Amino acid sequence: MKVGIVGGGIVGLMSAYFLAKEGVSVTVYDPAPGKYSIHAAGLIEPYRFDRINTTSMIAKMLRFMRRGVTEVRQLNKMWVVELLSSLNKSPPQEAWELMREMARLSLDTYAQMAEERNDFDYHNDGLLEVYTSEEELEKGEKEEKQSPFSPKFEVTEVPGFAGGIFFPELSRIATEKFVKRITRELIQMRVNFQGMEAQPNLKGYTLNGEKFDVIILANGVWITKFLKLPITAFKGYGAWVKGSSKIKNAFVTVDEGVAVSPLSDHVKITGGFSADYGSEWRTDILSKVTSLVKVEEVIERNMGFRPCSPDGFPIMGRLNNVVVATGACRLGWSYAPAMGYYASELALGKRSTLGYVSRYVDRLRSSG
């Protein structure tokens, strides 16, 4: 069996990983595998799931805009229509059951790979949300108690802040090191990397003229070039710095949406959630954590485009011999192993649908 994967971001790489383990012949098309994924903080936090199609999330985005944390420059029109038509509508229970299953699969996969060889700075030491307002802290605690994931958490004191919410079960990694690790393993498993953009013929199942049994579209926001799906881009920024953090654990500042992860040889600082497809660097994330992180030198910085569905759930499914795997928004790394696993299941014909998260793909199939 031959499978061609369009997109070598973290979801595409994990799809290749699970297929190669099944002995499938896999080819990945991407000019720079991992480039648009490594900007992320590397916080494996699937329990911190945000439904986007809620008035509370829209209000949060408006607060971010007023503080200059984010901006709206360009949105996919289909995404806007779907967001408004589903506003405040709850997903079915089976959707949450699948997401819980995906969360555990992803957390376990990173842990198992680190147990084999921890060459990607894996830390299983939890995540802290930091609040400046007692009112927001109380609201955050209430939301966690109502979360369908029922995560373990504790409210804790944070000097200089109203407090924090600590999630002991969450982990973190160095994204660029993980990309190197998995790419090396894929090469050893004889996965073929084509360092070029794919030109798909989805009716003939060819990529750049080569015929495949199944094609997996894992090219993030760019999937809308090939299929009519409600995906829009929310740009994120990441900086690798030399310095020190006052908080030893990974943490997220809730008011600014900035994440900090102290790793073995650098501190990773990430932020930004702008509706923007542009290549300009348009934020100063470092200035938002000056009281918590001492930055001595900026080693590198990068940006990426989070593919967001209208409600924050992934969009996955099978359309004839084309598999779709995108839409996890800011939780791409958190759900990537599970998305890769289910993409492989769909490609191998072990599943034909994933229920709620397949609804947009199923709609394309039913419309012909």
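1. Strand S15 (residues 258-262) and strand S16 (residues 267-275) run antiparallel, joined by four bridges. Two strands pair if DSSP finds at least two bridges between them. Strands here are DSSP runs of E with at least two residues, and helices are runs of H or I with at least four, both numbered from the N terminus. S15 and S16 form a hairpin with four residues between them. Ala259 stands opposite Thr270 in S16.

2. A word on the source. This is a predicted model, in which local features need pLDDT of at least 70, side-chain atom pairs count only at pLDDT 80 or more, and totals for chains, interfaces and linings use all residues. Residues are numbered from 1 along each chain as its sequence is written, and side-chain values use heavy atoms, with hydrogens and water left out.

3. S15 also pairs with strand S14 (residues 250-253), in the antiparallel sense, over three bridges. Phe251 stands opposite Val260 in S15. This hairpin has four residues between its strands, and Gly257 takes a positive phi near 70° there.

4. Is S15 buried or exposed? Five of its five residues are buried. Buried means under 20% relative accessible area, exposed over 50%, and partly exposed in between (1.4 Å probe, protein chains only). In a regular strand the side chains alternate between the two faces of the sheet. Val258, Val260 and Pro262 cover one side of S15, Ala259 and Ser261 the other.

5. Gly160 is exposed, with a relative accessible area of 79%. Gly160 sits in the loop between strand S5 (154-156) and strand S6 (163-167).

6. Now the interior. A nonpolar core is a set of buried Ala, Val, Leu, Ile, Met, Phe, Trp, Tyr and Cys residues joined through side-chain atoms within 4.5 Å. The largest has 72 residues; Ile5, Tyr110, Phe178, Ile216, Trp333 and Tyr335 touch the most other members. Helix H4 (residues 93-116) gives the largest share, ten residues. Another core, of 24 residues, lies apart from it and includes Phe212 and Leu319.

7. Which residues does Tyr335 contact, leaving aside neighbours within four places in sequence? They are Pro46, Phe49, Met99, Met102, Ala103, Ser106 and Phe149. Contact means heavy atoms within 4.5 Å.

8. There is one disulfide, a pair of cysteine sulfur atoms within 2.5 Å. Cys308 and Cys329 form it, with their sulfur atoms 1.9 Å apart. The link is right-handed, with 70° about the S-S bond. Cys308 lies in strand S17 (residues 293-308), and Cys329 in the loop between strand S19 (322-326) and helix H7 (332-347). Both cysteines are buried.
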